[in-house]
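Please open the structure in your viewer and keep the selection tool at hand. The tour below goes from one selection to the next and says what is found at each stop.

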Amino acid sequence: MSSQIILPRILQVGAGASSAIASVVQSLHCERPLIITDKMMVKLGYAQTLQNYLNEAQMSVDVFDDTVPEPTVASIQAGVSKVRSGGYDCIIALGGGSPIDSAKAIGILGKFGGEMKDYKFPRIVSEAGLPIIAIPTTAGTGSEATRVTIITDEISDEKMLCVGIGFMPAAALVDYQLTVSVPPRTTADTGIDALTHAMEAYVSKKANAYSDTQALAAMKLIAPNLRTAYHCGSDRAAREAMMLGSTLAGIAFSNASVALVHGMSRPIGAAFHVPHGLSNAMLLPCVTAYSIPAAIERYADCARAMGIAEQGDSDDSANQKLLIELSALNRELEVPTPEQFGIERHRFMDLLPQMAEQALASGSPNNNPRVPDSAELIELYRQLWEQ
Ligand SMILES: [Fe+2]
């Protein structure tokens with residue numbers, strides 16, 4: 001059996017990668033880019049730096065900086081209008097996962113119209129929208145190298161998963177220097193998100209020989225460097241390893257899917273506005289404990305790749321070490337419980353059936369080595385609260 005692997009056409013990787021923006025735009029045969037970003041990237045001067053590089057290459061460029069964290073249907077509308085009216089031939093998506101996810105949706109809606117819900121899973125979006133050049137500034141969602149975007153329907157409080165080659169950036173400039181100023185909380189949340197991508201891709205039922213190599217390489221890069229990046233953001237070696245690991249983890253899960261952690265995480269994010277990486281972090285220990293019995297060898301491989309189990313450890317011993325490490329990591333990175341985050345118990349309990357339904361509808365739990373039914377999902381959410 002073969003697997004189809006989908007990647008960006010250009011990956012520019014390493015210190016200063018983002019300074020190649022003008023030549024990358026030109027090599028995609030484009031000349032009229034729109035930068036889609038957020039106000040923080042403008043404030044940090046990153047958007048202006050890109051503008052300068054493009055202006056030096058005689059390209060005029062506009063900036064749309066109204067993207068918001070955890071983008072919604074309403075939040076991308078102004079961007080769609082801007083794309084429709086401006087005659088742009090490509091989009092430069094600059095920022096964390098939210099600006100990149102917004103840009104992907106804007107690239108499709110701006111060209112083909114319709115509503116975001118028309119494009120949600122299980123539909124596979126194979127149309128080619130405006131080419132996206134993604135420049136991630138966190139490590140990270142991996143969105144620069146995935147065929148996925150997540151847009152929240154604020155009417156139904158659903159995080160809509162949208163999938164297809166139409167959402168794969170044409171190019172990604174993976175420049176760890178842009179992550180050095182990311183604050184510790186965001187470093188932790190996005191870093192655990194990246195680790196979760198690699199682990200879930202590796203244990204996914206859709207894992208394949210190619211995605212396995214990317215997932216294992218990602219875990220080797222991320223696991224030994226996440227604590228350092230959190231405690232000492234200026235450590236360039238740790239930031240470089242995290243950035244590359246994040247992109248490889250994105251490639252891994254884009255070609256193997258995520259699984260139960262992400263399936264359960266999105267409804268928590270939609271209902272209680274918990275940042276994506278943080279809700280993943282909350283779930284990772286208990287969902288891993290639930291899933292290990294169905295994929296003992298695979299999880300043990302993860303523990304060894306992460307450097308927390310020895311090659312000679314038995315699978316069971318490696319998996320025990322994995323569970324200890326995931327909990328220890330959450331403590332050290334100060335990941336709150338849902339209650340500590342400020343969620344009210346009665347609201348969480350009231351929404352259990354809805355969250356379970358949304359998790360199942362996303363399709364992600366079906367990729368997990370152990371697939372829960374609705375009652376088990378509710379039980380897992382309960383465990384998350386009570387652990
Ligand atoms: Fe994620």
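**Starting at Phe272**

Select Phe272 and show its surroundings: leaving aside residues up to four places away in sequence, Phe272 touches Phe341, Ile343, Arg347, Phe348, Leu351 and Met355. Bear in mind throughout that this is a predicted model.

Now widen the selection to the largest nonpolar core, which has 80 residues, and in which Phe272 belongs with Met199, Met219 and Phe348 to the members that touch the most others. To see which helix gives the most to this core, select residues 184-203, that is helix H6, which contributes nine residues. In soluble globular proteins, nonpolar side chains tend to be buried together.

**The sheet**

Turn next to the strands, where six of them form an open sheet in the order E1-E8-E5-E4-E2-E3, paired in parallel. Select residues 10-13 for strand E1 and residues 62-64 for strand E3: these two stand at the edges with a single partner strand each, so one side of each has no neighbour in the sheet. Looking across the sheet, you can follow a twist that averages 20° from one strand to the next.

**Strand E2 and its two partners**

Select residues 33-36, strand E2, together with residues 90-95, strand E4; the two run parallel and are joined by four bridges. Along this pairing, Pro33 stands opposite Cys90, and Ile35 stands opposite Ile92. On its other pairing, E2 meets E3 in the parallel sense over three bridges, and here the bridge partner of Leu34 is Asp62 in E3.

Which way do the residues of E2 point, and are they buried or exposed? With side chains shown, Pro33 and Ile35 point one way while Leu34 and Ile36 point the other way, and all of them are buried.

Methods
Residues numbered from 1 in each chain as written. Predicted model: local features only at pLDDT ≥ 70, side-chain atom pairs only at ≥ 80, totals over all residues. Heavy atoms only, no water. Core = buried A, V, L, I, M, F, W, Y, C linked by side-chain atoms within 4.5 Å. Buried < 20%, exposed > 50% of the residue type's maximum accessible area, 1.4 Å probe, protein only. Contact = heavy atoms within 4.5 Å. Pairing = 2+ DSSP bridges. Axes fitted to C-alpha atoms, helices over the stretch in contact; angles between N-to-C directions.
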